[in-house]
Each structure stands twice: as structure tokens, then as C-alpha cells.
Amino acid sequence: MSYVRVAALSELAEDTPKRVEIDGTPVSLVRTEGEVFAINDICSHANVSLSEGEVEDCSIECWLHGSSFDLRTGKPSGLPATRPVPVYPVKIEGDDVLVSVTQES
Ligand code: FES
């Protein structure tokens, strides 16, 4: 599994998603509740960016129709989305945030 440095920890504001691309994969980075999560940036219901949504209770809410996805598992908590969004393992090394998109966690 190869990790790529995607951001500095110090540049990630709490509960404010940041969209990055890793080898062509759009990823939303979310710093919340003392951890950093990486979730695919595309809602599983339609092709919109999750990083434009709100973060609450370790979930990210799709701004278009309101499904929330658990940042730990990618599972939707309610309709209209029924399929999970891929989530990826994150490592923190000093101020570096590293993500691997070669394997979903
Ligand atoms: S596009 Fe995300 S819930 Fe519909």
C-alpha cells in the first residue's frame, strides 16, 4: 500500500473538508474529533462533491439531497444514498498527512 503526502496537518481546519486529488482520485480530507479522515469526494447517489458538504458527528453530509456518510466507514446513514463511499487509510507523520488510495480501508 503506497501512501502519498496530500496536505500539511496544520493547514486542515477542523470540520472544514479539503478536496485533493491522488492519482486522479478525488478525495475529501476531513479533520474532526482529533483525527483526519479520507473519503472519496464523490457522493454515491449522484456525481457531486462531498467536500462542499457539512461535517457533523464524524459524518459528512451531501449538500444536494442530504445523505450523511460516516467518515470511518463510508456508509450512508440515510436515503437517498444507499451505497457506501470508499474511505481510505490515513497516516500522520509530523505535520504531513498521508493517504493511500490503492487500498480502501
Ligand atoms: S447527490 Fe448526494 S445524496 Fe443525492
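I started with secondary structure: the protein chain has 0 helices and 10 strands. For the record, helices are DSSP runs of H or I with at least four residues, strands are runs of E with at least two, and numbering goes from the N terminus. Reading along the sequence, I get β-β-β-β-β-β-β-β-β-β.

Ground rules before going on. This is a predicted model, where local features need pLDDT of at least 70, side-chain atom pairs count only at pLDDT 80 or more, and totals for chains, interfaces and linings use all residues. Residues are numbered from 1 along each chain as its sequence is written, and side-chain values use heavy atoms, with hydrogens and water left out.

**Overall dimensions**

For 105 residues a compact globule would come out near 13 Å, and the protein chain has 13 Å, so the two agree. The C-alpha trace spans about 40 × 25 × 20 Å along its principal axes.

Next came surface, by the Shrake-Rupley method with a 1.4 Å probe; for residues, only the protein chains shown count as cover. The protein chain exposes about 5500 Å², and carbon and sulfur atoms supply 44% of that. Of the 105 residues, 47% are buried. My labels: buried is under 20% relative accessible area, exposed is over 50%, and partly exposed is in between (1.4 Å probe, protein chains only).

I also checked contacts, meaning heavy atoms within 4.5 Å. Among contacts with a separation of 6 or more, 39% are between residues 24 or more positions apart.

**Cores**

Which residues have the most contacts inside the largest nonpolar core? A nonpolar core here is a set of buried Ala, Val, Leu, Ile, Met, Phe, Trp, Tyr and Cys residues joined through side-chain atoms within 4.5 Å. The largest one has 15 residues, and I39, C43, L50, I60, C62, F69 and L71 have the most contacts inside it. Another core lies apart from it, with 14 residues, among them L12, V27, V36 and Y88.

Leaving aside neighbours within four places in sequence, L50 is in contact with N40, D41, I42, C43, I60, C62, F69 and V85. C62 counts as buried, at 3% relative accessibility.

**Cysteines**

I searched for disulfides, defined as pairs of cysteine sulfur atoms within 2.5 Å, and the count is 0. C58 is in no disulfide, and the nearest cysteine sulfur, that of C43, is 18 Å away. C58 is buried, with a relative accessible area of 3%.

**Salt bridges**

Side chains of opposite charge can pair when their charged atoms come close. My criterion was a side-chain nitrogen of Lys or Arg within 4 Å of a carboxyl oxygen of Asp or Glu. The count comes to 6 salt bridges.

- K18 and E11 meet at 3.4 Å, N to O. K18 is partly exposed at 29% relative accessible area, and E11 is partly exposed at 44%.
- R72 and D70 meet at 3.0 Å, N to O. R72 is partly exposed at 49% relative accessibility, whereas D70 is buried at 18%.
- K91 and E93 pair with their closest N and O atoms 3.9 Å apart. K91 is partly exposed at 35%, and E93 is partly exposed at 44%.
- R19, E21 and D41 are linked in a network of salt bridges. D41 had already turned up among the contacts of L50.

Where does P80 sit? I found P80 in the loop between strand 7 (68-70) and strand 8 (87-88). The peptide bond joining L79 and P80 is cis, with omega about 10°.

D23 has phi near 50° and sits in the loop between strand 2 (18-22) and strand 3 (25-32). D57 also has a positive phi, about 50°, although it is not a glycine. I located D57 in the loop between strand 5 (54-56) and strand 6 (59-61).

Are these two residues buried or exposed? D23 is exposed, with a relative accessible area of 69%, and D57 is exposed at 60%.

Methods. Rg over C-alpha atoms; globule rule 2.2 N^0.38 Å.
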